[in-house]
Amino acid sequence: MKRLFAHYTLVRLLPQADAGEFANIGVVLACPETGYFGFRLMKKQRRVTQFFEEITRDLLTKLRKELTAELAHIQGLVASRYAGSDLVQVMQDLAKPRETMVRYAPLRGLMTDDPVADLDKLFERYVQRDLSVAPEYHEQVLTNLVKRTLAHEKLASAFVANDVGTEDFHIRLPFVHERDGLALAAIKPLDLTQDEPTKIYTHGDLWLGHIRRLKALHLQPQGLLVAAEGPAEDDVKRFRAYNDIVGELRLLDVTVVDRIDTRGIVEFAKTYVQ
């Protein structure tokens, strides 16, 4: 089957453009030679609302409806009025820079013999798996959950992001409580849900190494809590890797709680806040 050139763009949500953070929430693909114009938009909202505190389910639902209406309108015009050659301009207009919360990424291209199948593949790659498979993304979600827990107990101002260590070696922790200029207590959300045991060990070992270095420098906070998320217990190999990391953390005098243990997080924080 003849392979054809297709243009595609990613639909992005940027609540705060100056922060540079965004989530891919859809894909639009057009194949001028066949006149195909298709799109897919995210349906699952939880990932986005967890990552962006200012985005509510209602707002996301509204944005999705507006996007669907806009893209379906274009789809109708393509089917009834535009020639296939017009699709290049349609896609270029769609991807023009905007100063709005929803934007389209610069156009990209690919060779395809099945535009519909490739639209699904792009959606899976850039939207379904997008930020959720990156450890830094999932830990940001965990960080937001801890932040909300502390804020609910009016403890947010007592625990702020800060560096712990020396000029030569320091790590950035999202929740640090200082007293007399020294880090007295800290909280670190830790994602240990990676899809392979090796990845769990690798990510866990990274933080074990950081903590050992702080301990060797006598700069480990008096209280250090890790709010961890791990795999399901029935996933034996991954859960064993998670348990190994948790056990080693506890040997370093680290308090480890499940990320949903809000009571444990709050009790730890209140222990150090006067």
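1. Helices H2 and H3 are roughly antiparallel to each other, a label given to angles over 145 degrees. The axes of H2 (residues 57-80) and H3 (residues 87-94) come within 12 Å and cross at roughly 165 degrees. Here the axes are lines fitted to C-alpha atoms, for helices over the stretch in contact, and angles run from 0 to 180 degrees between N-to-C directions. Helices (H or I, at least four residues) and strands (E, at least two) are DSSP runs, numbered from the N terminus.

2. Before going on, please keep in mind that this is a predicted model, where local features need pLDDT of at least 70 and side-chain atom pairs count only at pLDDT 80 or more, while totals for chains, interfaces and linings use all residues. Residues are numbered from 1 along each chain as its sequence is written, and side-chain values use heavy atoms, with hydrogens and water left out.

3. Which residues bring H2 and H3 together? On the H2 side they are Glu 70, Leu 71, Ile 74 and Val 78, which meet Leu 87, Val 90 and Leu 94 in H3 (contact means heavy atoms within 4.5 Å). Sorted by class, this contact has six nonpolar residues, no polar ones and one charged residue.

4. Now to the sheet: five strands form an open sheet in the order S6-S7-S8-S9-S10, with mixed pairing. Two strands pair if DSSP finds at least two bridges between them. S6 (160-165) and S10 (255-258) stand at the edges with a single partner strand each, so one side of each has no neighbour in the sheet. From one strand to the next, the twist averages 40 degrees.

5. Within this sheet, S8 (residues 182-191) and S9 (residues 223-229) pair in the parallel sense over seven bridges. Pro 189, for instance, has Ala 227 in S9 as its bridge partner. Helix H6 (residues 197-216) packs on the sheet and touches S6, S7 (170-179), S8 and S9; the direction of H6 makes about 55 degrees with that of S7.

6. Two loop residues deserve a look. Most residues other than glycine have a negative phi. Lys 154, however, has a positive phi of about 60 degrees although it is not a glycine, and its place is in the loop between H5 and S6. His 218 also has a positive phi of about 60 degrees without being a glycine; His 218 lies in the loop between H6 and S9. Are they buried or exposed? Lys 154 is exposed at 73% relative accessibility, and His 218 is exposed at 72% (exposed means over 50% relative accessible area, buried under 20%, with a 1.4 Å probe and protein chains only).

How values were computed: Angles under 35 degrees count as roughly parallel, over 145 as roughly antiparallel, 65 to 115 as roughly perpendicular and the rest as oblique. Ala, Val, Leu, Ile, Met, Phe, Trp, Tyr, Cys and Pro count as nonpolar, Asp, Glu, Lys and Arg as charged, and the others, Gly among them, as polar.
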